[in-house]
Amino acid sequence: MKYLLFINILLIATNCGISKKSVSTTETTHCIIQPIKVDSTINYNFKFLYSGNETNGKLLVKKNNEESIKGTIFSENGITLFNVEILQSYAKITYAFENLNNKYIKSNLEEDLKFIFSNSTIQQNKNRKYYISYKDNDFNVSFLKNSECTLLNTITHKDKIIFLNNSPKEIIIKTNVYTISLTQ
Amino acid sequence: MKISSINIIFLICIFHLNGYAQHQGFVVVKDNKKLELQLKEKNTNHKITQVAFKQEKTFTFLNETLKSEGKLTYSSPNKLRIEYSEPNKYLLLFNNDNVYIKDEKNLNQFPISNNKTFKSIQLMIIDCLSGNLFKNSNYSTKSYESSTQYLIDITPKQENIKKIYDNIIVKFNKNDLTIANIQLIERSGDMTIMSFMKSNLNPSINNEIFTIH
């Protein structure tokens, strides 16, 4: 009986260990997606939904030098909303239109644009719900993360997506802060 | 510290040169009242203006300029149709209380009251086209002239426009007071220039062009 109790305690302890290890593995899961290659100027239609307001416009992205690219987002009435510089390791919004000059928007947008154009992995962030989808002629792939950063569907660990024409026709990013839709 | 007369002359020269460099080829309008009356009269007589335009939007951050062109139709007091034909077809329509935006794929319609920025931009463009810029509480203005054009340098006073534009420069042709160009200088440093071709004043148009079915 004493041995059984010891075995039980050992099993519970082992299970906890496995459970903890499993969560840890999930948290380090990265979906690898080829960043959009910017050789010439890329022009996307841009839709930004934030706090119930929809803003439509364009995203222009251009190669700056070997290390960085620059982008400008402007509204359909021609007003510049954001200027952003994207390097391999970080993205920096250098200008934000006053109504959108919000630390939360800027930090999220920096992370998303870096993901699309530079870094090929989604950064884990427990405070952020995340959905992203890419559509092109040959594929339609989407994945969704909940607040615990669990990968919920579609592409699996270490899947790699390569865009045949460098940039997909549509990218949709939904977070708990905003929704961005980019279409060519 | 004693300010010598040489210093004062030097400062006056600097201010004068600054003003000169800002609007090269233009001097301050001597008879502002006359210009106001002329624009007011034109406004009364010309209820409809239709004009082709070329637009250049300069992105200083990208060192890139986007060129487009199209046709603008304005019907007094508040109908405005801006129809881009190159490089892409794109229609921006302000009809009383509604805004319509139509590109090659989508049509978007919303009440203008839902978007104060759109409302202010619509009013500002209409004021620029009509020349209703003086004694207007939304702007402060400075008027200049050359041998062929009037230039009005507009500083917006409305908070939502001040957030967007540092200033707006409108040029009118002196001979018929038709609009020559509008420069919209944004706080971001970017600039949009709409250059207008020969205006067609009071053309017969179908009012249907201000609606989308």
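B:Lys162 and B:Glu159 sit three residues apart in helix α4 (residues 159–162) of chain B, so about one helical turn separates them; helices here are DSSP runs of H or I with at least four residues, strands are E runs of at least two, and both are numbered from the N terminus. Their side chains meet in a salt bridge at 3.2 Å, N to O, the term meaning a side-chain nitrogen of Lys or Arg within 4 Å of a carboxyl oxygen of Asp or Glu. B:Glu159 is exposed at 53% relative accessible area, while B:Lys162 is partly exposed at 36% (buried is under 20%, exposed over 50%, partly exposed in between, with a 1.4 Å probe and protein chains only).

This is a predicted model, with local features needing pLDDT of at least 70 and side-chain atom pairs pLDDT 80 or more, whereas totals for chains, interfaces and linings use all residues. Residues are numbered from 1 along each chain as written, chains are lettered from A and ligands numbered from 1 in written order, and side-chain values use heavy atoms, leaving out hydrogens and water.

Over all chains, the count comes to seven salt bridges. One of them joins A:Lys62 to B:Glu64 at 3.0 Å, N to O. That pair crosses between chains, from strand β3 of chain A to strand β3 (residues 64–75) of chain B. B:Glu64 is buried at 18%, and A:Lys62 counts as partly exposed at 21%. Another salt bridge pairs A:Glu66 with A:Lys63 at 3.4 Å, N to O; here A:Glu66 is exposed at 68% and A:Lys63 partly exposed at 33%.
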